[in-house]
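Have a look at the picture first, and then we will start with a single side chain.

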Amino acid sequence: DGQDNLGDTLRQAAIARAGGVPVTTVLCEVKERPSEVLIESLDAPDRVEPNTPFTLRVNILTGQARSARLQLERGVEHSLTLPVTLQAGRTVVELPQTLERPDWHRYKLTIEAEDDVDPRNNVARALVEVRGRSHVLMVDRSPEALRPLAKILEQAGLEVTLGGASALPVSRAELARYDAVVVSDLPATAW
């Protein structure tokens, strides 16, 4: 839309031009759209602890004061709809949240307002990871040989999985389940 609304467009264009990148501009007519409503951002923490309250912060822009309706979805298990009163300009809405289950939680926020011009900018998404106890995989030709170390780690609050060579992760997704992997008394070819 030609509006300098994120970052510093003129500075970035000057840097690009100085680096030999051709910069072309086209003058476009910008029409005022006072009835436009859009979600500028949905701010959420990247990671939270289980059962620890946090806040989703929504920045909403509109050209005129009005009423609207927010719908917040978290995965398929949770949905919340609430009315909001918007001021002309920016309105910030805070949505308190608490997550219990360790996992990645996907949020989708939608705003609906009468006479809104462009619904494409009415949706925002966020992803929040809830970390449980740190998880350590310990593998050995004889997994029971690692039991004394596993007990110490468990007493320190870590979750420990013992296994043989077949327990070694073979994909990035499998490896991502663990915060640490201890390999003991296994040849490199076992992995």
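## A buried glutamine

The side chains of Gln97 and Tyr107 are joined by a polar contact of 3.0 Å. A polar contact here is a pair of N or O atoms within 3.5 Å; within protein, one must be able to donate a hydrogen and the other to accept it, and residues adjacent in sequence count only if both atoms are side-chain atoms. Gln97 sits in strand β6, and its relative accessibility of 8% makes it buried. The cut-offs are under 20% relative accessible area for buried, over 50% for exposed, and partly exposed in between (1.4 Å probe, protein chains only).

Which residues are in contact with Gln97, leaving aside its neighbours within four places in sequence? They are Thr52, Pro53, Phe54, Leu56, Leu72, Arg74 and Tyr107, where contact means heavy atoms within 4.5 Å.

## About the model

This is a predicted model, in which local features need pLDDT of at least 70 and side-chain atom pairs count only at pLDDT 80 or more, while totals for chains, interfaces and linings use all residues. Residues are numbered from 1 along each chain as its sequence is written, and side-chain values use heavy atoms, with hydrogens and water left out.

## The chain as a whole

The protein chain has 3 helices and 11 strands. Read from the N terminus, the order of elements is α-β-β-β-β-β-β-β-β-β-α-β-α-β. Helices (H or I, at least four residues) and strands (E, at least two) are DSSP runs, numbered from the N terminus. With a radius of gyration of 25 Å, well over the 16 Å that the globule rule gives for 191 residues, the protein chain is more spread out than a compact globule. That radius is taken over C-alpha atoms, and the rule is 2.2 Å times the number of residues to the power 0.38.

The C-alpha trace spans about 75 × 50 × 25 Å along its principal axes. Of the 191 residues, 30% are buried. Among contacts between residues at least 6 apart in sequence, 64% join residues at least 24 apart. The chain exposes about 12,800 Å², with carbon and sulfur atoms supplying 51% of that area; accessible areas come from the Shrake-Rupley method with a 1.4 Å probe, and for residues only the protein chains shown count as cover.

## Charged pairs

Side chains of opposite charge can pair when their charged atoms come close. The structure holds 10 salt bridges, each being a side-chain nitrogen of Lys or Arg within 4 Å of a carboxyl oxygen of Asp or Glu. One of them pairs Arg57 with Glu94, whose closest N and O atoms are 2.8 Å apart. Arg57 belongs to strand β3 (residues 54-62) and Glu94 to strand β6 (residues 89-97), so this pair ties together parts that are 37 residues apart in sequence. Arg57 is partly exposed at 34% relative accessibility, and Glu94 is partly exposed at 47%.

Arg141 and Asp185 also meet in a salt bridge, at 3.9 Å from N to O. This pair links distant parts of the chain, with Arg141 in the loop between β9 (135-140) and α2 (147-155) and Asp185 in the segment after β11, 44 residues apart. Arg141 counts as exposed at 56%, whereas Asp185 is partly exposed at 49%. Glu144 and Arg147 form a salt bridge too, with their closest N and O atoms 3.2 Å apart. Arg47, Glu129, Arg131 and Asp179 are linked in a salt-bridge network.

## A serine, a glycine and a surface patch

Ser41 lies in strand β1 (residues 37-43), and its side chain makes a polar contact of 2.8 Å with the side chain of Asn59. Not counting residues up to four places away in sequence, Ser41 touches Arg57, Val58 and Asn59. Gly132 is in the loop between β8 (123-130) and β9. Gly132 and Val48 are 84 residues apart along the chain, and their C-alpha atoms are separated by 9.4 Å.

On the surface, Leu175, Val183 and Trp191 form a nonpolar patch with about 300 Å² of accessible area together. Patches are made of residues with over 30% relative accessible area and no salt bridge: like charges are joined within 9 Å, nonpolar side chains (Val, Leu, Ile, Met, Phe, Trp, Tyr) within 5 Å. Trp191 is in the segment after β11 (180-184) and is exposed, at 53% relative accessible area.
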